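Open the model in your viewer and keep the selection tool at hand.

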Amino acid sequence: MIGQHFDEIWLHIKHMTEMSDTHHVRGVSKDMVYFTLKSLGLETFDQFENADLIEYILGEGTKDHSIGTLVIGEYIVGQSNNFYNIGDHQTLVTASNEGSIPKGDITKEIWKRLYHNAPYLLKTKGTERGLRALMSCYGVPATMLNVKEYGGPTKDKTSYKTFTYDKSSFALKGDSGTGGYFLKLDWSSSLTNTLSSSAKTVGFRIKPKRSNDTYHLFNLLSNSDDEKESNPILTLTPYTGNDISSSGDSTQYGKLDLYLNGAVTASTANFPIYNGDFWNIFIGTPGTSGSASEIQFGAYQTNWLKNTTFHRASVGMLSEYSRSVSWGDPLSSSATNANQSIGGAKHAYIGGMEADSHTAFDSVDGLRYSGSIQEVKFYFGEHLTHDTLVKHSLEPFIYGGNAMSSSYETVVLRLPLGSNLQQDSSSFHPQISKRFLPGITSSMTTQEWEELDEIHYLPTPDTGITTTSEKVRIDTGSIDDDILSPTIKSETSILDRVPQDFEDLGIFFSPSNEVNEDIIYTLGAFHLDDYIGSPLPTHQSSSFYPDLKDLKEIYFRKIKSKFNIWDYLKLIEQIDHTLFKLIEQWVPFKANTKTGLLIDSHYLERAKVPRTVPTKTDGQTTVPGSYTTIEGEISTYTSSQADKYEGSKLFKMGVSTVGGGNVVTTNNLLFETGSNGIRKEQGTNQTIFIKDLYRFEKEHAQAPIIPNSTGSNQLKRISDTSLGNIQKGRISRRYYRSLAIGNQNNILLT
């Protein structure tokens, strides 16, 4: 017994040196990992601290049998995947031959991940990278839980804030082969023929596999041979020359070519289309009925600095006939076949096409496409502008157009092809109740779905506290070279005159995140200030924002049922909640952190409290609509009447009223004079000095007054007391002021 005692001590001492072993197999003991982390300053938590002790240690479940009102707990031990009885006990049926995993081991597995990554975690503590590493240790991907920062400026007030985040999706991948195609689509139908759709745009994303072969990207195909000469064909031609800007980069370059009637009519410059990332391809026409138009095409891509690279080209003016028989024009009258010109071509091909005997396709009908395709969109009725295409490049899953209602009114086809995490080729356009173009086929016998993890830049509306990821920015300010001072700042930042950042930080799950994301996908980027805060009186007194309500109705036209928030909550229940307790230790102290589950409103939901619009009322003694004008009449009596009034000079002042009657009927001008010999008038609110009885400036009879300073005996006096008390017919306190008092503020109240 004594020997065994010392053996245990010896083993303990021997393994003390192995406590810091970071080997992924041996490593630190799972029973010591908690204390080891604590010694490193990492305070961890156990998500199963309230679990049953047997389940925590042995990985056993419980099975309850009710006998009357008595509940007897019976343990189920997980030992085998065979289901058999041993007395009254049963084994737990699991998918593993080793039985269920003890809950304590699940927690300790996470702790060991934290331990093995402790150097990186401690080095990046307080940063977004550190938070992402912490979430990875818990098995939570960055595409599920984002780090959201709030506030801060944009370099250009006309631009939109963008939220940088990881986005997971799928893409259709494969090789169409010669004579094969990824997609064959109907280009027109009875539903599209009724649309006012002279202008059209086709957009899709591609990530081509590098090859020396020319790839087929898109073409329209008419039934009539005469009309096939006007069918556009878009191809990708690889660059085969010398390196362009760096060693070995020639294999990354290629260009887009547009064929018409068997010949290349326009091309873009060579650009790195084989750089391994997706490019947004577009082709369309801004056609106007009754006139010729051009065909525009190009490619867009946004890099990690949010700089969008684009390469565009166009074909000169295409006659109305050529445009209408290919692209379609419901108002065209120049085509030989009016019915055909309404819808244009019969089919559209993407990623390869079938063989065609017409000479216009001799150079392209044998082409194939190898790579990935995603997000195919047809816009009937508008040609996407450059600004809209830039937004699509920032957030490739946006399908909104030039206007807020474009996605519902002009998108007749949208094939996500995995961007919505659904591995099928169905159309998910907003107006889903109308199958505008039902014919969707593919010659590919096997579909391979490529799993993607990309960085997207979601434009967010300016909602007061805007979600962003631009706390660290590249600031290009101006520097005054003439200043060399240790106390004067010579650099003027472009961010100096804009709001500061907020301390708010969000690492949370919220059902409104998905709703907000879909709002941007549907409507595109927009400024919320354009829809709230109108100064119109009708908006101030309303209990809602009328403009925002209209925008909300545009979005919710496509929504047929409510978002199931309970399924969302059940999903996030599987996340280890102790992650958020650890996150709170991993953020700066000043951060106002929101973690866990957050229920908040989406972008289009803004509460508004109605308020009374201020109104004005005219005083009884003022002119309607005016607060400074007094209608007064001053009557004087001639010297022949002086005897009748015993030599007194009386001024009669009749004040007009709004409500009827005179509040003040007469004012006697007293003969009292000041020390300078000038008469004083006793007014209702103040004393007005009048130099001449019969000839005086009209300002002297009004208040407040600024008399002209003329003459040696008249001083300019400014009074800030108005006749406001007259307006409501209230009794005023009267005061006198004479020139004998030096200061105009020294007055005698009576």
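Select K549 and F544: the charged end of K549 lies over the F544 ring, 5.9 Å from its centre. A charge counts as over a ring if NZ of Lys or CZ of Arg is within 6 Å of the ring centre and within 35 degrees of the ring normal. Next, pick K125, which sits over the face of W586 at 4.9 Å from the ring centre.

A word on the model. It is predicted: local features need pLDDT of at least 70, side-chain atom pairs pLDDT 80 or more, while totals for chains, interfaces and linings use all residues. Numbering runs from 1 along each chain as its sequence is written, and side-chain values use heavy atoms, without hydrogens and water.

Now the aromatic pairs. The count is 18. Rings of Phe, Tyr and Trp (its six-membered ring) pair with centres within 6.5 Å; planes under 30 degrees apart are stacked, over 60 edge-to-face, the rest tilted. Select Y34 and F35: this pair is edge-to-face, 5.3 Å centre to centre with 80° between the planes.

Move to F378 and F380. Their centres are 6.4 Å apart and their planes at 5°, so the pair is stacked. Are F378 and F380 buried or exposed? F378 is buried at 0% relative accessibility, and F380 is buried at 3%. Buried means under 20% relative accessible area, exposed over 50%, partly exposed in between (1.4 Å probe, protein chains only).

Last stop: I13, in helix α1 (residues 2-14). I13 counts as exposed because its relative accessibility is 52%.

Notes. Helices (H or I, at least four residues) and strands (E, at least two) are DSSP runs, numbered from the N terminus.
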